[in-house]
Structure formats: C-alpha cells, structure tokens
Amino acid sequence: MPCPLIILFLDKRATNALFCANSFKTFNNKQILPTRQQLLHIIQGCITANRLHQKEFYKLYYGYAMSISMRYCHAEEEAADIVNDSFLKIFKTLISFSPRYENYEASLMGWMKSIIIHTSIDYYRKGLKAHLLQEIQEDHFEITDSSETTIDSLSYKEIFTLIQKLSGGYRIVFNMFVIDGFKHEEIARQLNISVGTSKSNLAKARVNIQKMLKVENPKIYEERRAI
C-alpha cells in the first residue's frame, strides 16, 4: 500500500517555507525535544499513515536528513529531493524498525541515516545523475601520508564546506569512505566500480580538498600540516 504523503511533503515551496527554519518547538530559545513516549506515539501514527504525525516526524528530522543528503549534493534543491524520497521509504518501513541500542532515538536516527545515505547514492547511481559517475577515473593514483594527515585533521565543518566543491564522483566516494564509514569493497559494490578505482578516487578527492584549502585558507592549511 503506497504511503499517503501526497503533496504535503513533496512541494518544494512548502518544504522551504515550513521546514528550512528550526524544526523543533522552542521555549526561551531552547529546543524542546519529544520524550520517548511522545516519539513512540508519533511513530505509531506514522505507521498508521496519520498525516499529522507524519508531518510532525518530518519536521523533527528534516534538518538531520538534510545535513546528510547535502554532503552528497551541490545544491539544496537536489538534497531536498533526496530527503523527500528518503522519508517516503522511512514511512513505508517504520513498522519494521527495531532499536539496536538502549537509546531509542539514537537507534532510530542511525537507522534513518542508513536509508538517507543509500537514497543519496541511488540518486547519483540512477536516473538523471547517473552520468556523474563517469567522472570516476579508472587509473591508479597514490597519495602521500602528509596529505592524508592534513585532511584528517580538519574539523567536520571545514571538511563539509570543501566537500560541496568536489565533483560528483569524487564527492560520493569521499563521503562514503571518510564520513560514512564504508569500506572500499562496499563502495565498489554500490557504485559498480573496482576496489582500486574507489581507492584511487578517494586519494584524488583528498588531494583536491587539500588544494582548495591551500588556496582558500592558506593559514589553516599550514596549521593543519603542522599537526
């Protein structure tokens, strides 16, 4: 049975107007997160296709979903498409969710993250974005240890800014390996490339990030090299 999200969550103008701001209710400028019981109530409503509960769930986790999908995209509009597709999958499969950890919400967010990541990968592997994978080169490429150390010492915010400027193919491999913890064998299987190609393009992505950092913020570049 298809999930009845209808136009409520798929209209981009409505999405921008309703959800790009802080999604949580606030009191004295502090976020008020749902209790476990409230979250379970919202989730049960989503399972029974209650639109109000689906909307509340969407608002709660829209920012979280966008923070993941934006790492795989150049533009917010693309990320919003991925997020909407991800929530469709989430609502269809929430009934099968089972927490893996004592912290229920942490388990839920980890489960959602996996769906969002794979939806992001699918977005570039199929359809209109499939051509971006042609940017992934088959030639072998080595990287020096000093370059790798420079990248690994950057903060998440610094890396996120630079990731946005990578070409599509390099960005996918870098995100999957460095940020999301995929092994090269998994990346190769997901993207239908060789393990050597995955390693090579990760190295090239690191070098490109290092070059961008050197040009755009030489002070940080020198500081990170010294770490």
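Analyst: A crossing is left-handed if the near helix is turned anticlockwise from the far one by less than a right angle, and right-handed if clockwise. By that convention, α8 passes α9 in a right-handed crossing; helices (H or I, at least four residues) and strands (E, at least two) are DSSP runs, numbered from the N terminus. The structure is a predicted model, in which local features need pLDDT of at least 70 and side-chain atom pairs count only at pLDDT 80 or more, while totals for chains, interfaces and linings use all residues. Residues are numbered from 1 along each chain as its sequence is written, and side-chain values use heavy atoms, with hydrogens and water left out.

On the α8 side the contact (heavy atoms within 4.5 Å) is made by I172, V173, M176 and F177, and on the α9 side by H184, I187, Q190 and L191.

Helix α9 itself spans residues 184–191, and its buried residues are H184, I187, A188, Q190 and L191. They cover an arc of only 165 degrees around the axis, which puts them on the same side of α9; the arc is that of the directions from the helix axis to the C-beta atoms. Buried means under 20% relative accessible area, exposed over 50%, and partly exposed in between (1.4 Å probe, protein chains only). The partners of these buried residues are α5 (104–125), α8 (168–179) and α10 (195–216).

With a relative accessibility of 0%, M176 counts as buried. When residues up to four places away in sequence are not counted, M176 touches Y72, I121, G181, F182, I187, Q190 and L191. One of these is I187, which lies 11 residues from M176 along the chain, with 7.0 Å between the two C-alpha atoms.

After α9 comes N192, whose phi is positive. N192 lies in the loop between α9 and α10; its phi is about 60 degrees, although N192 is not a glycine. The relative accessibility of N192 is 70%, so this residue counts as exposed. Another positive phi in a residue that is not a glycine belongs to A49, at about 65 degrees. A49 is placed in the loop between α2 and α3 and has a relative accessible area of 28%, so A49 is partly exposed.

N208 counts as partly exposed because its relative accessibility is 26%. Leaving aside neighbours within four places in sequence, N208 is in contact with L166 and Y170. Y170 and N208 are 38 residues apart in sequence, yet their C-alpha atoms are 9.2 Å apart in space.

Helix α2 (residues 36–47) packs with helix α3 (residues 51–69) at an angle of about 125 degrees, the axes being 8 Å apart. α2 and α3 are therefore oblique to each other, and α2 passes α3 in a left-handed crossing. From α2, the contact is made by L39, H41, I42, I43, G45 and C46, and from α3 by H53, Q54, E56, F57, L60 and Y61.

The wider setting is as follows. The chain has 11 helices and 2 strands, in the order α-β-β-α-α-α-α-α-α-α-α-α-α along the sequence. Of its 227 residues, 44% are buried. Where contacts join residues at least 6 apart in sequence, 70% of them are between residues at least 24 apart. The average pLDDT (the predictor's confidence in each residue, from 0 to 100) is 77 for the chain, and 68% of the residues score at least 70. Over residues 1–30 the pLDDT is below 50, and this stretch has 48 contacts in the model beyond near neighbours in sequence. Over residues 143–147 the pLDDT is also below 50, and that stretch has 5 such contacts.

Note on methods
Axes fitted to C-alpha atoms, helices over the stretch in contact; angles between N-to-C directions. Parallel < 35°, antiparallel > 145°, perpendicular 65-115°, else oblique.
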